Amino acid sequence: MAEVIIVKDQHQAGRIYARAVADLIKQKPTAVLGLATGSSPLAAYEELASIIYTEHIDVSHVRGFALDEYIGLPLSHPQSYHSTIWRTVVEPLGLNPANVHVPGDALNGAPLSDGSKVAHAGEKYDQAIAAAGGVDVQILGIGTDGHVGFNEPGSSLASGTRIKTLAEQTRNDNARFFNGDVSQVPTHCITQGIGTILKARHLVLLAFGEAKAEAVAETVEGGVSAFCPASALQLHPHATVIVDEQAASRLRNKDYYRWAYAHKPVWQSI
Ligand code: F6R
């Protein structure tokens, strides 16, 4: 079972993540960070940026691999995950852009129809992660349907990085980032698979708000099932789930999680 930490708000969660990552970078200046887009990790990135500056941590050798990207959007499009990772991670943390990779980078906006580029992009991305020595800490958000990355319900729990068709629901949800026009939302994406994500040495899933409560309960206390792809975290030897009270509201074992965290040995990090 994952360690579950119930916090007051996103900033407290962010400080827990940031402390662990900052300590990792001090020990391993070439640390490999697994990066996510979306709203859930934003406070964590801000807290990490703040620690990096106040503690003068050298991040010039830190590497990063993002989870996912739309197919067919130019890298420079403001809603491409390439641009989003630049804005929310690379710039504020002061990372070397050459060290940070997004699954669509090699496609450079190529359309889905361009099989010569698109067909093997996933395998190549997994090879690049492996060549970097694997991801040390992977930050994750979760969808209300239990998706992680763009692995929608039904995704293979052994999947590698690959092309996926976006669910109609996800395209409708994301239309708000495309002037409310669903026709502008790409139909396909490239996403790290659940099997890829499980290879990271430490997984940190962040979830906030009532809308995530059911997905969190399914992930932590439900059965392991492709119907809730995030439930694959139960198979990982080092997974940390950090949630606020609202996202924790449907967990049955809340009292135990609080007790365990309050009695954690001081020497033990997340
Ligand atoms: C982001 C990603 C998605 C989001 C999830 C939650 O790269 O892959 O799985 O983490 O949709 O999104 P937010 O955090 O915006 O609620």
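Is asparagine 108 buried or exposed? Asparagine 108 is exposed, at a relative accessible area of 54%; buried means under 20%, exposed over 50% and partly exposed in between, with a 1.4 Å probe and protein chains only.

1. Basis. This is a predicted model, in which local features need pLDDT of at least 70 and side-chain atom pairs count only at pLDDT 80 or more, while totals for chains, interfaces and linings use all residues. Residues are numbered from 1 along each chain as its sequence is written, and side-chain values use heavy atoms, with hydrogens and water left out.

2. Asparagine 108. The loop between strand S5 (100–101) and helix H4 (115–118) holds asparagine 108. Helices (H or I, at least four residues) and strands (E, at least two) are DSSP runs, numbered from the N terminus. The phi of asparagine 108 is near 50°, positive although the residue is not glycine.

3. Histidine 56. A positive phi, near 50°, also occurs at histidine 56, a residue other than glycine. Histidine 56 sits in the loop between helix H2 (42–54) and strand S3 (63–66), and counts as exposed because its relative accessibility is 70%.

4. Cavity. A cavity is a set of points, on a 1 Å grid over the protein atoms alone, where a 1.4 Å probe fits but cannot get out; lining residues have an atom within 4 Å of a point. The count is 1 cavity of 30 Å³ or more, and the largest cavity has a volume of about 40 Å³, the volume being the space filled by probe spheres set on the points, which are joined across faces, edges and corners.

5. Lining. Residues lining the largest cavity include Glu69, Tyr70, Leu107 and Gly109. The lining divides into 6 nonpolar, 3 polar and 1 charged, where Ala, Val, Leu, Ile, Met, Phe, Trp, Tyr, Cys and Pro count as nonpolar, Asp, Glu, Lys and Arg as charged, and the others, Gly among them, as polar.

Technical notes
1 Å grid on protein atoms, 1.4 Å probe; cavity = no way out; pocket = protein on both sides within 12 Å on 5 of 7 lines; lining within 4 Å.
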